[in-house]
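Here's a quick tour for anyone opening this one up for the first time. Have a look at the picture, then work through the notes by topic.

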Amino acid sequence: MRVFRVQINGTIHVVSLEQKGKNQFRATLNGVPFEAEAASNGNITTWLVRSESESTHAHARNLPNDRVDVWIACIPFATIVQAIGLGGYAAAPEVRRHTSGGQVRALMPGRITSILVKEGESVSEGAALLILEAMKMQNEIAAPTNGKVKAIFVREGDVVKKDSPLVAIE
Amino acid sequence: MKLFIANRGEIALRIIRTCHRLGVRTVLAFSEPDRESLPMRYANERYPLDGSTPSETYLNIEKLVKGARETDCDAVHPGYGFLSEDPSFVEACYENGLIFIGPSSRTLAKLGNKLQARKTMSENGIPVIPGSEGALRDEEEAVSVSEKTGYPVIIKAVYGGGGRGMRIARDKDDVRKFFRVTLLEAQAAFGRGEIYVERRLTKPRHIEIQALADGHGKVISLGERECSIQRRHQKLLEEAPSVALGQKLRDELTDAALRGLSAAAYKNAGTVEFLVEEDGAFYFLEINKRLQVEHLVTELTTRLDIVEEQLNVAANDTLSLSQNEIKVAGWAINCRINAEDPRQGFIPIPGLVARYHAPSGPGVRVDSALFSGCSISEYYDSLIAKLATWGTDRTQAIERMKVALEETEIIGLPTTVPLHRELMQDEDFVRGQFDTTFLDDFLPRLDSTIAGYERLAAVIAAVEKARSPPTWLDKAEGQSRWRAAARAQQMDRGNGPGRQS
């Protein structure tokens with residue numbers, strides 16, 4: 001159970017969440033339960049929401065500094081969302097950068113079809129490290145900097161999520 | 001024939017559609033911010049205007065005429081707003097051998113400002129709102145005319161338009177107080193300080209007659225439009241026909257409109273606007289000498305293509321249609337979707353449209369230049385889409401509009417969509433009981449609907465936060481709030497970009 005404090009137009013709402021599946025949540029606000037399911041990916045998520053009295057859809061966009069924009073029936077709501085207590089955030093990293101701290105991350109979800117480097121190998125900026133197959137396309141993942149391959153976190157055939165760490169370079 | 005389009009956005013696209021159906025080639029003039037706009041993809045050729053502000057681009061007669069000549073165009077379509085009613089633009093076109101899709105410069109001059117139009121109409125026996133005969137000489141004259149007319153009165157700029165340059169005075173002191181301010185404002189905003197005064201009707205409807213004229217005395221009516229749903233004297237929703245007109249009153253308005261246009265030897269599509277009081281008394285308001293924003297509702301009820309008729313009249317100098325061929329059928333409603341926040345006094349909010357989904361289905365028409373990822377520039381009008389529905393009767397048109405509005409998704413900016421959704425639920429609107437003051441009382445209801453969604457918004461915000469990492473917006477999107485603030489300030493100073501009625 002995770003609990004979030006949501007501020008909209010000066011009013012505070014406390015929402016508790018239970019994750020039911022990858023994109024499915026059960027939320028409770030003032031004792032009223034809601035079922036929410038993310039219908040598509042991308043910068044803007046489409047949510048299908050159901051409560052006892054209503055069934056509707058909405059759009060949302062998670063922004064830095066705890067800002068979350070929500071649109072219901074074309075009405076925009078600017079909100080500030082903060083986790084209360086532990087474990088507020090999902091496993092996904094907070095900042096979407098594909099190289100952070102020398103780590104190369106997956107730009108998109110997909111399957112690792114081949115690994116082109118070995119641990120300990122020196123690579124130069126732009127050199128191909130591995131091939132990530134996504135949407136039937138072979139995507140070469142390149143070294144962001146010159147350096148040495150410190151660790152490889154995936155094996156050929158692995159299916160990775162977006163932003164999963166792939167290779168560490170130092 | 002090759003046509004130069006001296007406009008942008010949805011109306012440029014609207015004109016292109018008809019041209020390409022008729023085999024007319026199109027050249028689209030474009031400003032820097034419009035480089036990636038939707039009509040750019042469809043025009044046969046594009047002509048850069050090198051600049052961003054309206055005065056550098058769509059208001060620049062020299063550049064537009066040069067563009068039309070360089071691209072070997074035969075004619076110029078001005079769309080609405082910008083230079084569509086500017087006699088000097090018309091003259092510049094003719095001096096350069098270009099046909100202007102609109103009335104002659106002589107007609108424009110004759111009907112050019114509100115006072116001249118008023119005089120022309122009055123001379124032809126069309127009732128005008130009681131008020132001053134000419135421009136007011138001074139404060140004393142303003143007071144004496146107002147006393148004679150009866151309060152409240154509206155003090156108006158002769159060269160004003162689009163709901164700007166007017167003030168309501170409730171007594172003698174108000175007239176004295178507002179006379180000078182209105183004059184100074186008119187000078188600043190329209191370059192001409194002439195002002196006049198007329199009685200303010202308390203709860204009138206705004207009803208207009210759409211006409212086509214050939215310039216040789218043949219004038220026909222395509223029926224009326226009801227445009228009473230307005231905010232700040234700017235239309236938000238139009239329909240055709242009007243619930244307020246019985247056949248007798250419809251005939252009287254039509255007769256007055258056609259008489260007025262004949263007297264001015266009018267040529268082109270034109271609209272005569274009236275204010276109609278509850279008892280059926282009506283007064284001439286103004287003539288719109290161009291294709292109007294809301295022309296699509298008339299197209300839906302008459303099944304005509306008004307742009308095609310404009311091109312025909314301009315090319316052949318005659319009107320092929322006759323009055324008995326015009327049959328008005330069913331009912332059409334148009335909702336103007338503006339990039340504005342109804343909750344903040346309708347301030348325009350430019351920025352990026354992150355997602356767009358247009359409604360569809362039987363009897364639905366969308367005129368818009370929107371696409372997912374398009375940007376709404378702060379330089380131009382905030383109208384971003386026109387959503388129209390047609391039904392066999394008014395009830396069906398409203399039901400279709402309700403469904404179409406539910407399907408409409410414009411994500412990224414506040415728009416007038418929620419307001420229209422609310423309107424379609426309103427008992428008085430559905431019964432056809434409204435006048436030009438309707439929206440003032442209506443807005444607070446929108447607030448309560450929005451508040452009703454707040455809990456749901458909180459739930460969505462929480463699940464979104466839990467599911468996905470934050471997205472860094474690109475520069476343009478991040479700036480939109482600042483631009484909106486700057487634009488709001490500009491509006492307050494009364495020199496915001498022009499807007500069309």
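## How the two chains meet

Where chain A and chain B touch, chain A puts in 45 residues and chain B puts in 33. Keep in mind that everything here comes from a predicted model.

**The side of chain B that touches chain A**

- Three elements of chain B each give two or more residues to this side: β22 (409-411), α13 (417-425) and α16 (454-467).
- Helix α16(B) supplies the largest share, with 14 residues.
- Sorted by class, this side of chain B has 21 nonpolar, eight charged and four polar residues.

**The cores**

- The largest nonpolar core counts 149 residues, and the ones with the most contacts inside it are Ala211(B), Val459(B), Ile460(B) and Ala462(B).
- Helix α16(B) turns up again here, giving nine residues, the largest share of this core.
- There's also a second, separate core of 19 residues, which includes Ala142(B), Ile155(B), Phe179(B) and Ala186(B).

- Val49(A) counts as buried because 20 other C-beta atoms lie within 10 Å, and 20 is just what the cut-off for buried asks for.
- Leaving out residues up to four places away in sequence, Val49(A) touches Leu456(B), Val459(B) and Ile460(B) in chain B, along with Phe34(A), Ala36(A), Thr56(A), His57(A) and Ala58(A) in chain A.
- Going from Val49(A) to Asn62(A) takes you 13 residues along the sequence and 17 Å through space, C-alpha to C-alpha.

**Chain A on its own**

- Chain A has 17 strands and zero helices.
- Of its 170 residues, 28% count as buried.
- Among contacts in chain A with a separation of 6 or more, 37% are between residues 24 or more positions apart.

**Domains of chain B**

- For chain B, the assignment gives domain 1 (2-101), domain 2 (130-199) and domain 3 (205-448).
- The centres of domain 1 and domain 3 of chain B, taken over C-alpha atoms, are separated by 23 Å.
- Contact between these two domains of chain B involves 25 residues of domain 1 and 21 residues of domain 3.
- On the side of domain 1 of chain B that touches domain 3, helix α1 (residues 9-22) of chain B gives the most, with seven residues.
- That side of domain 1 of chain B has 13 nonpolar, eight polar and four charged residues.

**Helices to look at in chain B**

- The axes of helix α12 (residues 394-407) of chain B and α13(B) come within 10 Å and cross at roughly 145 degrees, and the crossing is left-handed.
- From α12(B), Ile398(B), Met401(B), Lys402(B) and Leu405(B) meet Val417(B), His420(B), Arg421(B) and Met424(B) of α13(B).
- An α-helix has 3.6 residues a turn, so residues three or four places apart point the same way.
- By class, the contact of α12(B) with α13(B) has five nonpolar, two charged and one polar residue.
- In helix α15 (residues 438-452) of chain B, the residues Phe438(B), Leu439(B) and Ile450(B) are buried.
- The buried residues of α15(B) pack against elements of both chains: β8 (75-84) of chain A, plus β10 (219-231) and β11 (234-240) of chain B.

- Most residues other than glycine have a negative phi, and most peptide bonds are trans.
- Tyr151(B) and Pro152(B) are joined by a cis peptide bond, with omega about -5 degrees; Pro152(B) is in the loop between α7 (139-149) and β6 (153-161) of chain B.
- Another cis bond runs from Ala240(B) to Pro241(B), with omega near -5 degrees, and Pro241(B) lies in the loop between β11 and α9 (247-263) of chain B.
- Asp317(B) isn't a glycine, yet has a positive phi of about 65 degrees. Is Asp317(B) buried or exposed? Asp317(B) is exposed, because 12 other C-beta atoms lie within 10 Å.
- Phe346(B), also not a glycine, has a positive phi of about 60 degrees, but Phe346(B) counts as buried because it has 21 C-beta neighbours inside 10 Å.

Methods: Residues numbered from 1 in each chain as written. Chains lettered and ligands numbered in written order. Predicted model: local features only at pLDDT ≥ 70, side-chain atom pairs only at ≥ 80, totals over all residues. Helix = DSSP H or I, 4+ residues; strand = E, 2+ residues; numbered from the N terminus. Contact = placed C-beta atoms within 7 Å. Nonpolar A, V, L, I, M, F, W, Y, C, P; charged D, E, K, R; others polar. Domains from an automatic or database assignment. Core = buried A, V, L, I, M, F, W, Y, C linked by C-beta atoms within 7 Å. Axes fitted to C-alpha atoms, helices over the stretch in contact; angles between N-to-C directions. Left-handed = near helix turned anticlockwise from the far one by under 90°.
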